[in-house]
Amino acid sequence: MSEAYLLSRKRLPDWIKSLAEIYTVLGPVPLRRGQTVFEPIASADLLNPNYCSTMLSPRLFIYPGCQKLFTVNRSTGQYVTADPRTQRPQLIFAIHPCDMHAISVLDRTFLAKYEDYYYRKRRDDTVTIVLNCNKACDSGFCDSMGTGPFLRLKQGFDVALTAREKDFIAEPASENGERLIGGRDFFERATAADLGEKEEIEQRAKRSFTKHLDTDGLPQLLMRHLDHTVYRRTADSRCLGCTNCTMVCPTCYCYNVQDRTGYDLMTTTRQRYWDSCQELHFAQVHGGNFRSSREARMRQFVTHKLATWVEQYGCFGCIGCGRCMTWCPTGIDLTEMAKEIQRDAAEK
Amino acid sequence: MPPKNENQNPLEPQTAIIEQHVEETDDIFSLYVRPQINDFNFRPGQFAMIGLPGYGEAPFSFSVIDPRSRMLVQTIRKAGTVVDALSALHSGGQVSFRGPFGNGWPLEKLDGKNVIVIAGGIGMAPLRPVIHHLIENRSRFGEIYLFYGVKTIEDLLFSDDLEKWSASIHVLLSADEVRQNCRLPVRQGLVTVLFDQLLEPLSDAVTFTCGPQIMMKFAAAHLILQGQAATDIYVSLERRMKCGIAQCGHCQIGAKYVCMDGPVFCLPDIQRFADTFL
């Protein structure tokens with residue numbers, strides 16, 4: 001749609017500095033034990049644009065792990081809605097394409113027939129600058145899921161960056177994005193040759209993947225084999241039920257609601273926090289539990305991400321970031337389960 | 001991003017006033033509730049999230065919908081923290097109220113058909129407004145059967161209504177245990193023992209059922225064996241819910257949200273997923 005620009009690596013600190021004047025800039029910062037974490041940054045000194053993947057995706061800035069909904073005055077019955085916004089508008093810098101896709105996946109849940117008041121406010125108040133990945137990360141398979149290594153979204157974000165040796169190609173995708181670039185003298189116009197090189201980098205990045213998943217007909221296949229033994233075998237021998245997979249998954253949206261009343265018994269605060277289908281209580285109803293076995297909970301995770309999500313929202317619930325397997329204490333890999341079902345179906 | 005929808009905050013409840021508290025059986029009571037909302041638009045089979053600040057919310061369907069007096073009746077079994085708190089409330093009390101949610105019974109599918117209604121225990125509650133609709137518009141339907149199964153005779157809900165209804169529709173009752181006499185004829189056994197009373201060919205019938213999932217499973221299997229099309233069977237499901245608006249994820253069955261796509265489902269449309277027990 002619009003022009004592309006170039007930002008030399010030397011001027012990146014200037015840009016970050018000017019952005020930090022308006023926004024709380026959240027960028028990937030290398031912290032203890034080699035883990036990169038998104039944190040507020042005031043300058044580019046700490047920034048690690050070559051990061052691979054973070055444990056928690058930036059979804060938590062838009063959909064926090066624990067969020068206040070409202071307070072009720074118990075004597076007057078008066079409700080006061082919590083303001084979900086942060087003090088200053090936030091800008092997520094160098095979010096990877098898979099994580100940007102994940103936010104667009106969350107949009108389909110929270111900005112649907114019913115619109116979540118809290119999510120909408122945070123989403124509108126957050127600027128996103130995407131950094132394309134020049135090579136595959138350790139357990140990523142975003143190329144197979146259509147969410148990377150270069151951003152394939154056309155809207156819903158503000159700027160897309162592509163790193164080159166000496167500079168970044170910056171492509172604004174919204175009015176806001178144009179504003180972040182326009183009028184700043186450290187940006188130059190990119191040429192057709194620059195964009196041609198971007199293509200090449202993308203092709204190189206695509207070739208660097210070692211992990212793949214064939215998604216053709218996968219939802220239908222999984223739904224035909226709900227009783228496949230792989231779920232039971234994996235669940236019973238390896239799943240600890242720790243819920244790490246769902247806590248780190250950037251598209252997981254389930255929440256639980258909790259009321260907390262102050263010690264003076266005058267005010268009740270209702271809050272929500274991330275919940276997990278891998279917890280036993282999740283499918284509890286009076287007199288029973290619809291997913292009382294670990295096998296059923298494992299199947300719920302795999303078939304939701306790779307099958308039923310497509311019917312619900314028109315896209316996969318898995319964006320191929322590889323977090324669930326990276327942070328699983330026993331390394332359970334949902335693509336391995338899907339592949340086993342594919343192999344068995346092919347042999348029959 | 002989808003365009004902005006100027007609705008208010010769907011998670012923030014309104015207040016509703018309790019007009020009456022009626023003990024129906026040992027462990028079931030009804031709350032007559034008047035929600036303070038302008039748009040009184042509730043359909044049989046839909047539900048509302050009702051609760052108390054400090055205790056939380058839970059979904060409850062309507063056993064009476066009365067647009068004239070703008071009153072709803074929730075018939076509730078005593079189970080869980082929220083219900084414990086609600087059961088202590090009496091007329092004049094206030095509850096938090098969000099709704100209506102869900103699709104409701106597809107009443108339009110009943111026109112010109114024989115109708116089979118199968119209720120189990122507290123599952124009678126969301127079917128009561130269906131019976132009201134059927135009786136008010138009696139001439140639009142063929143034969144109408146209500147099969148209603150309970151554990152013991154003391155668990156029968158709305159017995160005055162049952163007696164009245166039997167003047168215009170077939171009311172057939174069963175109880176797992178029949179130890180004493182009852183004003184109404186009750187057969188001993190599960191609800192399926194009553195199915196020998198079906199007179200009409202089942203191919204022209206539509207079934208609505210609500211009750212324990214194991215009951216719905218066997219009742220549906222029974223009817224299908226007797227010739228009814230599975231696509232003419234509608235089940236109302238129960239799941240725990242936190243939001244009612246297809247976001248908290250608790251009520252999901254496969255690709256469906258019980259709160260938004262349901263709670264009423266055409267049987268084959270929900271049976272295809274895992275963990276339905278249908």
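Two strands count as paired if DSSP finds at least two bridges between them. Strand β13 (residues 233-236) of chain B and β16(B) run antiparallel and are joined by three bridges. Please keep in mind throughout that this is a predicted model.

**The sheet of chain B**

β13 and β16 belong to an open sheet of seven strands in chain B, ordered β11-β10-β9-β8-β12-β13-β16, with mixed pairing. At its edges stand β11 (186-188) and β16 (264-266) of chain B; each has a single partner strand, so one side of each is left without a neighbour in the sheet. From one strand to the next, the twist averages 20°.

Two helices of chain B meet this set of strands. Helix α2 (residues 124-136) of chain B lies across β8 (114-120), β9 (144-152), β12 (205-210) and β13 of chain B, and runs at about 155° to β8(B). Helix α4 (residues 213-225) of chain B packs on the sheet and touches β8, β9, β12 and β13 of chain B, with a direction that makes about 165° with that of β12(B).

**The two chains side by side**

| B | five helices, 16 strands | roughly 50 × 45 × 35 Å |

How do these chains compare with the globule rule? For the 348 residues of chain A the rule gives 20 Å, and the radius of gyration of chain A, 22 Å, is close to that, so chain A is as compact as a globular protein of that length. Chain B has 278 residues and a radius of gyration of 19 Å, which agrees with the value near 19 Å for a compact globule.

**Inside chain A**

Chain A is divided into domain 1 (5-207) and domain 2 (218-347). The centres of the two domains of chain A, taken over C-alpha atoms, are 26 Å apart. Their contact takes 36 residues from domain 1 of chain A and 28 residues from domain 2 of chain A. On the domain 1 side, β4 (66-73), α3 (97-110) and α5 (142-145) of chain A are the elements that give two or more residues, and α3(A) provides the largest share, nine residues. By class, this side of domain 1 of chain A has 16 nonpolar, 14 polar and six charged residues.

Next come β11 (255-261) of chain A and its antiparallel partner, strand β12 (residues 267-274) of chain A, joined to β11(A) by seven bridges. Here A:Asp259 stands opposite A:Arg270 in β12(A). The hairpin of β11(A) and β12(A) has five residues between the strands, and A:Leu265 takes a positive phi near 60° there.

α11(A) packs with helix α13 (residues 334-347) of chain A at an angle of about 75°, their axes 10 Å apart. That angle makes the two helices, α11(A) and α13(A), roughly perpendicular. A:Val302, A:Lys305 and A:Leu306 in α11(A) meet A:Leu334, A:Met337 and A:Ala338 in α13(A). This contact has five nonpolar, no polar and one charged residues.

**Where chain A touches chain B**

The contact between the chains takes 41 residues from chain A and 32 residues from chain B. Which element gives the most to the side of chain A that touches chain B? The answer is α11(A), with six residues. Elements that supply at least two residues to this side also include β4, α3 and β11 of chain A. The residues on this side of chain A divide into 19 nonpolar, twelve polar and ten charged.

Notes
Residues are numbered from 1 along each chain as its sequence is written. Chains are lettered from A and ligands numbered from 1 in the order in which they are written. This is a predicted model: local features need pLDDT of at least 70, side-chain atom pairs count only at pLDDT 80 or more; totals for chains, interfaces and linings use all residues. Domain bounds come from an automatic or database domain assignment. Two residues are in contact if their C-beta atoms, placed from the backbone, lie within 7 Å. Helices (H or I, at least four residues) and strands (E, at least two) are DSSP runs, numbered from the N terminus. Ala, Val, Leu, Ile, Met, Phe, Trp, Tyr, Cys and Pro count as nonpolar, Asp, Glu, Lys and Arg as charged, and the others, Gly among them, as polar. Axes are lines fitted to C-alpha atoms, for helices over the stretch in contact, and angles run from 0 to 180 degrees between N-to-C directions. Angles under 35 degrees count as roughly parallel, over 145 as roughly antiparallel, 65 to 115 as roughly perpendicular and the rest as oblique. The radius of gyration is taken over C-alpha atoms; the globule rule is 2.2 Å times the number of residues to the power 0.38.
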